[in-house]
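Visitor: Could you put the model up and walk me through a few parts of it?
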Amino acid sequence: MTDADIIIIGSGMGGATLAAGLAPTGLRILILERGERLPDTPEARDPLAIFAKGHFRPAETWLTPEGDRFNPGNYAYVGGNSKFYGAVMMRYREADFAPIRHLGGMTPGWPFAYDTLASWYDKAEALYQVRGQAGLDPTEPPRATPYAYPPVPHEPAIADLARRLRAVGLHPAPLPLAVDLDRWLARAATPWDAFPDTTGGKLDAETAALAQALRHPNVRLETGTTVARLATEGDRISIVITDRGHFRAPRVVLAAGAVMTAAILLRSADERHPTGLANRSDHVGRNFMNHNASAVLALSLRRNRSVYQKTLQINDWYLADGQGGAPLGNVQLLGRVSAPILVAQSGLPGPLAKLIADRAIDFYAMSEDLPHPDSRVSVKGDDIVLGWRRSNWEAHEALVSRLKAALRRAGFPIVLSKAFDRRTPSHQCGTARLGDDPARSVTDRYGRCHDHPNLWICDAALLPTSAAVNPSLTIAALALRQADRIAKEVAA
């Protein structure tokens with residue numbers, strides 16, 4: 001007796017999108033989620049509660065390889081980390097799918113080219129109702145159709161910023177965003193970046209994909225259910241073992257996020273698979289990537305009266321450094337950093353933080369982290385050990401330097417920066433990468449594990465490279481492609 005035709009572990013960007021893609025097939029789909037739905041409370045729009053008190057951060061801690069504990073800042077709610085995301089839905093660039101030489105080394109490339117995902121990007125943008133404008137970003141890959149919705153409008157200070165950037169030779173472009181601005185601002189005038197979505201103002205994994213999936217009677221969501229491990233019969237997954245009992249299905253999908261997916265596979269070691277499931281290659285948990293990122297604050301005498309701010313990006317240094325050198329990365333605006341947020345993040349006195357926040361425009365500089373087998377997730381008893389080996393830092397420093405110089409030329413005489421540390425998840429990915437070679441990858445190019453024919457992975461763990469863009473849209477595109485593959489196999 002089975003509980004479903006397919007069990008999906010996790011309701012984040014990968015799991016929820018996969019469920020939305022499979023729901024019309026009629027397959028009995030069971031989604032297991034360890035978290036609960038986020039309630040709409042006053043804390044959801046309170047910057048002190050979010051940034052200073054950590055009201056929504058889980059209590060769990062992980063270990064460094066040296067044994068130090070830290071709070072990783074990953075969220076366990078229905079919708080996963082997307083409940084707090086900046087709603088940026090960018091496509092990988094065409095060049096990102098091929099090997100690239102960076103200042104910090106070579107990327108391995110993907111087993112297929114951009115064209116393979118192009119139509120799935122189209123479908124993912126439709127599902128998440130992405131707002132954008134094509135044709136202004138010099139690195140934008142080809143697309144078959146324009147965005148279905150116009151871009152989220154710049155506020156006056158950001159429109160002025162765009163003019164200033166163009167005047168110094170840069171090519172600012174609208175950020176593609178999954179945000180219903182009117183609905184978001186109807187609740188309160190706050191940014192959406194890093195604020196939880198409790199009203200549907202952001203089109204996230206819960207409000208866009210999962211909501212669509214659950215309209216079908218064959219889809220069921222079980223919350224408050226933590227998966228401990230998977231059990232096997234031969235090479236097939238037979239049982240999903242949770243804190244609420246055992247569940248069975250002929251197909252199982254791990255979509256718990258790059259770190260938790262790897263941890264579940266490693267914790268599922270048995271006599272036949274002593275190093276963990278799907279791990280004949282010894283690549284499970286390895287090649288962990290986390291974008292190199294810094295906050296950059298550009299100050300002038302002009303007041304920044306923006307509420308949300310996060311509508312602009314710069315990719316002039318994405319494919320090269322602007323002088324014929326290596327790629328450096330992407331620059332985009334952060335959500336508006338108010339004085340309470342700045343106090344919480346920097347420890348500055350309140351009056352000084354307000355003086356800076358009132359006159360600053362806040363940027364997020366992001367550079368590619370390169371995969372390395374020694375950058376890894378492992379387990380030690382009940383603990384997760386994260387040994388992140390940061391790479392390509394020279395390129396990130398160069399990106400921040402180029403950005404600062406450009407902002408000074410654009411009329412911002414004071415530019416400050418601060419790098420993000422391991423407590424700030426910056427698009428974790430890469431711990432169970434897809435590929436054609438079972439000796440060097442965990443899954444095939446569709447996300448099916450090489451070692452287990454009924455086990456699939458559908459989250460950021462699949463990504464062979466991190467590129468230097470937000471990964472949400474690529475995860476969603478891979479999920480829709482995987483749903484199509486599974487549906488065709490079932491039909492056959």
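Guide: In H1, the buried residues are Met13, Gly14, Gly15, Ala16, Thr17, Leu18, Ala19, Ala20 and Leu22, where buried means under 20% relative accessible area with a 1.4 Å probe and protein chains only. This is a predicted model, in which local features need pLDDT of at least 70 and side-chain atom pairs count only at pLDDT 80 or more, while totals for chains, interfaces and linings use all residues. Residues are numbered from 1 along each chain as its sequence is written, and side-chain values use heavy atoms, with hydrogens and water left out.

Visitor: Switching topic, what is the order of the open sheet of 3 strands?
Guide: The order is S9-S10-S11 with antiparallel pairing, and two strands pair if DSSP finds at least two bridges between them. The edge strands, S9 (227–233) and S11 (245–247), each pair on one side only.

Visitor: Over how many bridges do S10 and S11 pair?
Guide: Strand S10 (residues 236–242) pairs with S11 over 3 bridges, and the bridge partner of Ile241 in S11 is His246.

Conventions
Buried < 20%, exposed > 50% of the residue type's maximum accessible area, 1.4 Å probe, protein only. Helix = DSSP H or I, 4+ residues; strand = E, 2+ residues; numbered from the N terminus.
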